[in-house]
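Biologist: Can you walk me through this one? Keep it simple, please.

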Amino acid sequence: MANKIPRVPVREQDPTRRATNFEEVCYGYNADEAALEASRCLNCRVARCVAKCPVNVNIPGFIHAIAEGDLAAAAAIIAADSTLPSVCGRVCPQESQCEGSCVLGIKGEPVAIGKLERYVGDWAIEHADEAPVKLPERNGKRVAVVGSGPAGLACASDLAKAGYEVKIFEALHEVGGVLVYGIPEFRLPKERIVAREVEAVKRLGVEIETDVVIGRTLTIDDLLDREGYDAVFIGSGAGLPRFMGIEGENLNGVFSANEFLTRANLMHAYDESYDTPIYAGRKVVVVGGGNVAMDAVRTAKRLGAESVIVYRRSEAELPARVEEVHHAKQEGIEFRMLTNPVRVLGDERGWVRGVECVEMELGEPDESGRRSPVVKEGSNFEIDCDVVIMALGTSPNPLIKHTTKGLDTTRRGCIVADENGVTSRPGVFAGGDAVTGAATVILAMGAGRKAAAAIDAYLNKKDDATNV
Ligand SMILES: Cc1cc2nc3c(=O)[nH]c(=O)nc-3n(C[C@H](O)[C@H](O)[C@H](O)COP(=O)(O)OP(=O)(O)OC[C@H]3O[C@@H](n4cnc5c(N)ncnc54)[C@H](O)[C@@H]3O)c2cc1C
Ligand code: SF4
């Protein structure tokens, strides 16, 4: 299948300029560009793109509405399945989901579904006051949600729309989870986008209390027994960073990507009007190849450091979104593929002075199906640097596991839950990174929505049993 109209390119900030600021990289489509790109969609009867969307957004439906110039209809179509369209349009890995299976991609370029979703989401934010919120009568039941990331926000929205009184308890002082503390401003603007999508959730009547650490301030049992909630959803994410366990990881100048990005984003260290200290040094080595690694290395670059990615597999295996890798390269980030650190090197004062690495080659496929990296014996070499940032993945914080009796978890600390978020504790549901380990925004959102449906079914069944 081909299309005579080429994919409409999206306007972006010039790479040399943007590598020195934190303003958004991508400007998005304007009305004419969006309408032209929407006109490329074939409105397939069997839409392969929808099947590949984890929350099954009616993609041809909303694109057709854009082409017709009916943005209110486009926004309503997306809202039926997605709580955070402006966020998802910016950060979803579309190349391996909807766009990756668009029929136009077989012989040419797929429809720019993500950029169109972003366009509609941003339009909906700008016109939020014009869309009256119609809510059902409250049903008298209360649900507590732990964590205000995509999983918690999506679960809370669906429950509020179904008539529940919902309160989110968030440990940090800001709402949004990784959307505010992890993903940088240049990819996902906080005030202009995240805060306003959170406002839309609050307009549904969802209450949000920040600075409440469940497991410390209150436990899950307190919520159910003392505070009188009928059910609890745990969407507490996976915020505990992993390290390599190599020599020198305790030297001054070694950070987890989480700490580095939290300082930069949540605590605004990049903004000179804030006091938050951040140390980007002269030359930064970021270890890892996912979105977190790309965000850390591009943040370090913007803070003025020469910045390098070190990844143990080849470029084909980089797990980061293709767009982020492309942007990082445009911004002058150096990529050292098939390279693995074996030791962080320190100076006499205990500060990082470099990292000793080995070259790798790809061997047989491992259980993930990817070829596993094997060390090339005798290939040790040093990279000179003064900061090392570890972006090697994260696991759930064990606090809730340790303070909630009867809640089963895996060896890696993830909460055990079925595909509807049902855990081993009656009345306690869970979803997102807290269950899967570090994954994606859309999967967390989808898990939150499934759990909301399961909570509704559970509480209705409990009512029926009581009324017999
Ligand atoms: C730097 C970075 C970049 C990423 N880039 C992308 C990307 O481009 N595309 C993509 O799809 N995904 C990306 N991801 C992954 C994605 O952000 C996560 O998969 C997603 O946010 C998970 O959502 P969640 O709601 O499960 O958890 P989170 O977003 O982690 O939210 C959990 C919330 O729970 C709170 N919490 C934790 N414990 C408690 C407690 N005990 N009491 C109260 N509150 C608690 C936390 O403070 C947090 O606010 C990225 C992740 C990171 C770290
Ligand atoms: S597969 Fe592509 S062309 Fe077909 S409906 Fe989806 S976006 Fe449109």
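Predicted model: local features only at pLDDT ≥ 70, side-chain atom pairs only at ≥ 80, totals over all residues.

Biologist: How many helices and strands does the chain have?

Modeller: The chain has 17 helices and 16 strands. Both are DSSP runs, numbered from the N terminus: helices are H or I with at least four residues, strands are E with at least two.

Biologist: What is the radius of gyration of the chain?

Modeller: The chain has 23 Å, which agrees with the value near 23 Å for a compact globule of 468 residues. The radius is taken over C-alpha atoms, and the globule rule is 2.2 Å times the number of residues to the power 0.38. Along the principal axes, the C-alpha atoms fill a box of roughly 75 × 60 × 50 Å.

Biologist: Which domains is the chain divided into?

Modeller: They are domain 1 (15–130), domain 2 (142–239 + 395–467) and domain 3 (243–392). The bounds come from an automatic or database domain assignment.

Biologist: How many residues of domain 2 are in contact with domain 3?

Modeller: Nine residues of domain 2 are in contact with nine residues of domain 3. In contact means that the C-beta atoms of two residues, placed from the backbone, lie within 7 Å. The domain 2 side has five nonpolar, two polar and two charged residues. Here Ala, Val, Leu, Ile, Met, Phe, Trp, Tyr, Cys and Pro count as nonpolar, Asp, Glu, Lys and Arg as charged, and the others, Gly among them, as polar. The C-alpha centres of domain 2 and domain 3 lie 31 Å apart.

Biologist: Now ligand 1. Where does it lie?

Modeller: Domain 2 and domain 3 both give residues to the shell around ligand 1, so it lies between them.

Biologist: Which residues come nearest to ligand 1?

Modeller: Of the 41 residues around ligand 1, those are Gly 147, Gly 149, Gly 177, Gly 237 and Gly 432. A residue counts as near if its C-beta atom, placed from the backbone, lies within 6 Å of the molecule. The shell divides into 22 nonpolar, 15 polar and four charged residues.

Biologist: And ligand 2? Which residues are the closest there?

Modeller: Cys 41, Cys 44, Cys 49, Pro 60 and Cys 102, out of 14 that surround ligand 2. Helices α3 (48–51) and α4 (59–67) each give two or more residues to that shell. By class, the shell has twelve nonpolar, one polar and one charged residue.

Biologist: Switching to strands. Which way do the side chains of β4 point?

Modeller: Ala 231 and Phe 233 point one way from β4 (residues 231–234), Val 232 and Ile 234 the other way, and all are buried.

Biologist: What does β4 pair with?

Modeller: Two strands pair if DSSP finds at least two bridges between them. β1 (residues 142–146) pairs with β4 in the parallel sense over four bridges. β16 (residues 428–430) is also parallel to β4, over three bridges. Ile 234 has Val 146 as a bridge partner, and Ala 430 in β16 is its partner too.

Biologist: Is Leu 223 buried or exposed?

Modeller: Leu 223 is buried, because 23 other C-beta atoms lie within 10 Å. Leu 223 sits in helix α11 (residues 220–226). Beyond its neighbours within four places in sequence, Leu 223 is in contact with Ala 144, Leu 218, Tyr 229 and Val 232.

How values were computed: Residues numbered from 1 in each chain as written. Chains lettered and ligands numbered in written order. Buried ≥ 20, exposed ≤ 12 C-beta atoms within 10 Å, placed from the backbone.
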